[in-house]
Amino acid sequence: MLPETVTVQLYGSLTQFTGGEASVEVQASTLRDVFREILAKHPGLGEDLDGRVSVSVDGRIYTESLFQPVGPENEIILLPRIAGG
């Protein structure tokens, strides 16, 4: 599967690392690609992307599925990771 342009929505506090942009377009075919490409464009996101976010793809939360396929038809949102206790 060749990477296509996907749009990733970012929750509020992450926009400080993207110049205030609430969405980022990247070339990706998996969630792993999404993270790699976002970090290449916005390296300041590194600490937050390292275990502090969850990813929603079409309303389903993924926390450990880096090889989940994604495409331009998917709604991809980076969300704060919620910890239970």
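Strand 3 (53-57) and strand 5 (76-80) pair in the antiparallel sense over 5 bridges. Pairing requires at least two bridges found by DSSP between two strands. Strands are DSSP runs of E with at least two residues, helices are runs of H or I with at least four, and both are numbered from the N terminus. In this pairing, Ser54 stands opposite Leu79 in strand 5. Strand 5 also joins strand 1 (4-10). These two strands run parallel, with 3 bridges. Here Leu10 stands opposite Leu78 in strand 5.

The model is predicted: local features need pLDDT of at least 70, side-chain atom pairs count only at pLDDT 80 or more, and totals for chains, interfaces and linings use all residues. Residues are numbered from 1 along each chain as its sequence is written, and side-chain values use heavy atoms, with hydrogens and water left out.

The largest nonpolar core has 21 residues. Such a core is a set of buried Ala, Val, Leu, Ile, Met, Phe, Trp, Tyr and Cys residues joined through side-chain atoms within 4.5 Å. Buried means under 20% relative accessible area, exposed over 50%, and partly exposed in between (1.4 Å probe, protein chains only). Val6, Val8, Ile38, Val70 and Leu78 have the most contacts inside the core. Two or more residues come from each of strand 1, strand 2 (23-28), helix 1 (31-41), strand 3 and strand 5. Helix 1 gives the most, with 4 residues. Leaving aside neighbours within four places in sequence, Ile38 is in contact (heavy atoms within 4.5 Å) with Val8, Val24, Val26, Leu45, Leu49 and Leu78.

Two loop residues were examined. Thr30 lies between strand 2 and helix 1. Thr30 counts as buried because its relative accessibility is 15%. Residues up to four places away in sequence aside, Thr30 touches Leu66, Phe67, Gln68, Pro69 and Val70. Asp58 lies in the loop between strand 3 and strand 4 (60-62). Its phi is near 55°, a positive value in a residue other than glycine. Most residues other than glycine have a negative phi. At 47% relative accessibility, Asp58 counts as partly exposed.

Helix 1 also gives the most to the lining of the largest pocket, with 5 residues. Helix 2 (46-49) and strand 3 each give two or more. Of the 17 lining residues, Phe35, Leu49, Gly51, Thr63 and Leu66 are the closest to the pocket centre.

Conventions:
On a 1 Å grid over the protein atoms alone, a cavity is a set of points where a 1.4 Å probe fits but cannot get out, and a pocket is an open set with protein on both sides within 12 Å along at least five of seven lines; lining residues have an atom within 4 Å of a point.
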